[in-house]
Amino acid sequence: MPGSEEFVVTPYEVRGRVDYDRLREMFGTQELSSELLERLRRLAGGELPPLLSRGIYYSHRDLGALLDAYEAGRPFFVYSGRGPSGPLHTSHLAQFEICRWFQERLGVPMYVQITDDEKYWSRSGLTREETVRWGTENLLDILALGFDPKRTRVFFDSKSIAALYPLAIRVARKITYSSVKAVFGLEPSANIGWIFYTALQTVPAFWPSWAEGKSVPCLIPCGIDQDPHFRLTRDIAEGLGYPKPALLHSRMVPGLLGEAAMSTTGASPDNALFLNDPPKVVERKVRNAFTGGRATVEEQRRLGADPEVCSVWALWKSRFAESEERFEKITADCRSGAMLCGECKGLLLERIHRFYADHAAAREKARSWAEETIITAPPPGRDL
Ligand code: TRP
């Protein structure tokens, strides 16, 4: 989507100071209202996870209709994916954590897509070996979040192509070159793999319906930057006899150096916390992170700091503040000047180190079952 003067958000670029409400209006999506959140809380039982309760997920398409169907006895599945261009960073986990939450609370199946082809086409600096290696590594990080091996399946594009292709053929016929160009703004020099790619990102949204021969609703949690892909998906769904997927969109978690997103495309690696960063590197990155602090200690004690612009506060908010009370206390102590940035960073580092250690252990366990989750053949009787 071509952005306004001040910011740009497309699946291939996030730049500038993003006005998320404006972006929602530009994309024409709905606000994730407190009524809908309350409804989710009631259906799922227990508390909402921070990603929902703290407004990181903030926009949707047709979530209400999906929940209506669910309450009327039509279960859905969740689908999300990852373009493997390097190690995952902490903000990449958001979409998968929400999927895991839906799976845990509602018992729904999860489909993950690993797009090693997409990144090979869209990033000229990557080799095939690299995108496949990162895909394999990223998948372990995703599965380690606690997905149920019995209810989790993976499309690893290059390994799953036989399973995807019969449906991709049909999808591709419905998507015109001019709509791809209008939605992604690809340059004339873009390779044709990249132009075709969006067809493959649509396929998992329809795959269970195709496999089961009946309409199975789909919910796609993703960063709002991915919405353009799924506008195409939704436009063609009914023409192919499949339900339009519902979407749940998040804001991008800001980078450690104050960038709009925790991306390192064109930015320093210090802008993101990679899941494979050793503790020393994590420490350095957090210590150097951009904050909303004042120029001097004296001033900060007197005037307080500004959490809204702080990349460290954004990390507390997205996952690391384990309870609402803790989150509120950190925010209040920051605003009042009671806690200085150095102390705040020290507390956050404790949380991050613990999270990394737990994650590393879960990741090793996921190794034993990751390969088996990959779908390699079309559903029985559907190889055409
Ligand atoms: N295009 C996404 C990326 O660059 C990967 C992806 C594939 C995806 N399918 C998805 C993301 C579904 C969100 C939801 O990372």
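## The nonpolar cores

The largest nonpolar core here has 68 residues, and the ones with the most contacts inside it are L52, L63, F102 and L219. Helix 16 supplies the largest share of this core, with nine residues. Keep in mind as you look around that this is a predicted model.

Leaving aside neighbours within four places in sequence, L63 touches L32, L36, L40, L219, A246 and L248. Apart from this core lies another one, made of 35 residues, with F184, V203, V216 and F230 among them. There's a general pattern to keep in mind: in soluble globular proteins, nonpolar side chains tend to be buried together.

## Helix 14, wrapped up

Now turn to helix 14, which covers residues 311–320. How many of its 10 residues are buried? Nine of them are, so helix 14 is largely enclosed by the rest of the structure. The buried ones are S311, V312, W313, A314, L315, W316, S318, R319 and F320.

What do these buried residues pack against? Their partners are helix 3 (50–53), helix 5 (93–106), helix 15 (324–336) and helix 16.

## Helix 14 meets helix 16

When two helices pack, they are described by the angle between their axes and the distance between the axes. The axes of helix 14 and helix 16 (residues 341–370) come within 11 Å and cross at roughly 40°. The two helices are therefore oblique to each other. Helix 14 passes helix 16 in a left-handed crossing.

Who is doing the touching? On the helix 14 side you'll find V312, L315, W316, R319 and F320, and they meet C344, K345, L347, L348, R351, I352 and F355 in helix 16. Sorted by class, this contact has nine nonpolar residues, three charged ones and no polar ones.

## Helix 14 meets helix 15

Helix 15 makes another pairing with helix 14. The two pack at an angle of about 165°, with their axes 10 Å apart. That makes helix 14 roughly antiparallel to helix 15. The crossing of this pair is left-handed.

Here W313, W316 and K317 in helix 14 meet R326, F327, I330 and T331 in helix 15. Their classes divide into four nonpolar, one polar and two charged.

Let's start with V112, which sits in strand 6 (residues 110–114). Is V112 buried or exposed? Its relative accessibility is 0%, so V112 counts as buried. Leaving aside neighbours within four places in sequence, V112 is in contact with S80, F96, L139, I142, T152, R153, V154 and F155. One of these, R153, is 41 residues away from V112 along the chain, yet their C-alpha atoms are separated by 6.4 Å.

Next comes T29, in the loop between helix 1 (20–27) and strand 3 (30–31). At 7% relative accessibility, T29 counts as buried, because the cut-off is under 20%. Setting aside neighbours within four places in sequence, T29 contacts R24, S59, H60, R61, D227 and H249. For another reference point, the C-alpha atoms of T29 and V171 are separated by 23 Å, and these two residues are 142 apart along the chain.

Note on methods
Residues are numbered from 1 along each chain as its sequence is written. This is a predicted model: local features need pLDDT of at least 70, side-chain atom pairs count only at pLDDT 80 or more; totals for chains, interfaces and linings use all residues. Side-chain values use heavy atoms; hydrogens and water are left out. Axes are lines fitted to C-alpha atoms, for helices over the stretch in contact, and angles run from 0 to 180 degrees between N-to-C directions. Helices (H or I, at least four residues) and strands (E, at least two) are DSSP runs, numbered from the N terminus. Angles under 35 degrees count as roughly parallel, over 145 as roughly antiparallel, 65 to 115 as roughly perpendicular and the rest as oblique. A crossing is left-handed if the near helix is turned anticlockwise from the far one by less than a right angle, and right-handed if clockwise. Contact means heavy atoms within 4.5 Å. Ala, Val, Leu, Ile, Met, Phe, Trp, Tyr, Cys and Pro count as nonpolar, Asp, Glu, Lys and Arg as charged, and the others, Gly among them, as polar. Buried means under 20% relative accessible area, exposed over 50%, partly exposed in between (1.4 Å probe, protein chains only). A nonpolar core is a set of buried Ala, Val, Leu, Ile, Met, Phe, Trp, Tyr and Cys residues joined through side-chain atoms within 4.5 Å.
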